[in-house]
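Let's take a friendly walk through a protein model, one region at a time.

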Amino acid sequence: MSCTSKIIFSTMLRFSATNLSRRASVIPRMYSDSASDKGCVGFVGLGNMGAHMARNLIKKGHSLVVFDLSESACNSLKEAGAKIASSPAAVAESSQKIVTMLPSSPHVKAVYCGPGGIYSKFQKGTLLMDSSTIDPAVSQEMAEKAEELGGVMVDSPVSGGILAARDALLTFMVGGTESGFAESKKILDLMGKNVIHCGPSGTGQAAKICNNMLLAISMIGTSEAMNLGIKLGLDAKMLASILNVSSGRCWSSEMYNPVPGVKEGVPSSNNYKGGFGTALMLKDLGLAQNAAGATQSPTPLGGMALNLYRIMCNNGFSEMDFSSVYKFLQKRESS
């Protein structure tokens with residue numbers, strides 16, 4: 001990596017405090033200060049996570065206008081009470097508070113800046129909350145564009161999985177100005193139990209890619225341990241119960257166990273359907289490794305996890321939940 005690239009990345013998450021304060025002071029406040037304000041909220045991206053998040057906003061009293069490329073996803077939200085927009089631009093025309101939940105950086109750029117995108121019909125004073133997991137530099141780029149148009153954008157990626165999304169128990173990692181965080185928290189609190197301000201624009205994404213690198217490593221470790229224990233004659237549920245009251249306890253073993261039948265309501269007990277796809281985990285691990293390389297941070301296990309999930313994607317696991325690493329390990333045994 002060139003010296004210039006390293007310098008660019010190392011400064012990516014740092015902003016001048018003076019500049020941030022000056023920017024925040026000129027952004028118009030067009031939101032209600034009341035936490036009970038139930039204005040229309042826009043939502044773009046109704047996948048496994050986004051659909052649950054959108055429903056929680058409806059349950060908490062907000063009217064919702066939504067868009068997704070999937071007609072069935074839109075119709076499901078329509079049945080819950082949402083209005084359907086014809087494009088992200090139509091969402092922007094209808095709301096000054098918009099949440100986006102999209103798969104990757106290119107999707108975010110297209111939804112915001114492409115033809116029929118949010119910025120084509122952007123209203124001055126709009127608050128944008130992007131809960132996608134993307135490159136921190138893209139988050140900063142989108143936030144700068146929002147500021148140019150007279151609005152505010154925060155990056156607000158989430159952790160917790162589909163059950164937490166369903167039950168409004170997500171953790172939001174937020175990057176943006178203090179005022180942007182304060183305004184976004186009023187909406188994000190309705191979809192999660194933890195809303196944490198990480199710092200300026202891009203830092204929410206930085207926290208998220210660190211979290212997901214650890215998640216991938218722990219899921220691989222849990223899958224290896226469960227597989228080994230079962231091969232040694234241990235009952236899967238009994239082994240999981242021991243791990244979950246011992247020093248090996250982790251979210252992957254307790255809340256999202258990868259062995260079918262150990263825990264109900266998770267993808268492993270539904271043939272690894274739904275949840276967080278292996279291809280998306282590979283994408284996040286790639287973001288983490290790019291950051292590690294640029295900052296010269298040793299992440300040997302992160303690199304190994306990236307390679308394993310890449311092999312999985314090349315062997316038909318890309319659409320399965322990332323916990324299917326357990327199934328992949330079993331297939332490797334028989335090959």
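## Two helices side by side

Start with helix 6 (residues 105–113) and helix 7 (residues 136–148), which pack at an angle of about 10 degrees with their axes 10 Å apart. That makes helix 6 roughly parallel to helix 7. This is a predicted model, so please read every value here as computed from a prediction.

Which residues meet where these helices pack? On the helix 6 side they are Ser-105, Val-108, Lys-109, Tyr-112 and Cys-113, and on the helix 7 side they are Val-138, Glu-141 and Met-142. An α-helix has 3.6 residues a turn, so residues three or four places apart point the same way. Keep that in mind as you look along each helix.

Now find helix 3 (residues 50–59) and helix 4 (residues 71–80). Their axes come within 10 Å and cross at roughly 15 degrees. Angles under 35 degrees count as roughly parallel, and helix 3 and helix 4 are therefore roughly parallel to each other.

The crossing of helix 3 past helix 4 is right-handed. Helix 3 brings Ala-51, Ala-54, Arg-55 and Ile-58 to the contact, while helix 4 brings Ser-76, Leu-77 and Ala-80.

## The whole chain

With two helix pairs in mind, step back and look at everything. How many helices and strands does the protein chain have? There are 15 helices and 9 strands. The chain has 335 residues, and 51% of them count as buried.

Among contacts in the protein chain with a separation of 6 or more, 66% are accounted for by residues 24 or more positions apart.

## A residue inside strand 6

Met-153 lies in strand 6 (residues 152–155). Is Met-153 buried or exposed? Its relative accessible area is 8%, so Met-153 is buried.

Leaving aside neighbours within four places in sequence, Met-153 is in contact with Tyr-112, Tyr-119, Leu-128, Asp-130, Met-142, Ala-143 and Ala-146. Met-153 and Ser-201 are 48 residues apart in sequence, and their C-alpha atoms are 8.3 Å apart in space.

## The annotated lysine

Which residue does the UniProt annotation "active site" cover? In this unreviewed entry, the annotation covers Lys-208. You will find Lys-208 in helix 10 (residues 203–231).

With a relative accessible area of 6%, Lys-208 is buried. Not counting residues up to four places away in sequence, Lys-208 touches Thr-133, Pro-157, Val-158 and Met-173.

## Two loops with positive phi

Most residues other than glycine have a negative phi. Here are two residues with a positive value. Ala-168 has a phi near 60 degrees and sits in the loop between helix 8 (161–166) and strand 8 (170–175). Gln-296 has a phi near 55 degrees and sits in the loop between helix 13 (278–294) and helix 14.

Which of the two is buried, and which is exposed? Ala-168 is buried, with a relative accessible area of 13%, whereas Gln-296 is exposed, with a value of 58%.

## Helices 13 and 14, and the loop beyond

The loop holding Gln-296 lies between two helices whose spans you can check. For helix 14 (residues 300–313), the 14 residues should span 20 Å, which agrees with the 20 Å between its end C-alpha atoms. Buried residues of helix 13 include Met-281, Leu-285, Ala-288 and Ala-292. In helix 14, the buried residues include Gly-302, Leu-306, Tyr-309 and Cys-313.

Finally, look for Ser-323, in the loop between helix 14 and helix 15 (325–334). Ser-323 is buried, with a relative accessible area of 0%. Leaving aside neighbours within four places in sequence, Ser-323 is in contact with Met-219, Ser-223, Tyr-256, Pro-258, Ser-268 and Tyr-272.

Notes. Residues are numbered from 1 along each chain as its sequence is written. This is a predicted model: local features need pLDDT of at least 70, side-chain atom pairs count only at pLDDT 80 or more; totals for chains, interfaces and linings use all residues. Side-chain values use heavy atoms; hydrogens and water are left out. UniProt positions are given in the numbering used here, feature names are shortened, and annotations may be inferred rather than shown by experiment. Helices (H or I, at least four residues) and strands (E, at least two) are DSSP runs, numbered from the N terminus. Buried means under 20% relative accessible area, exposed over 50%, partly exposed in between (1.4 Å probe, protein chains only). Contact means heavy atoms within 4.5 Å. The expected span of a helix is 1.5 Å times one less than its number of residues. Axes are lines fitted to C-alpha atoms, for helices over the stretch in contact, and angles run from 0 to 180 degrees between N-to-C directions. Angles under 35 degrees count as roughly parallel, over 145 as roughly antiparallel, 65 to 115 as roughly perpendicular and the rest as oblique. A crossing is left-handed if the near helix is turned anticlockwise from the far one by less than a right angle, and right-handed if clockwise.
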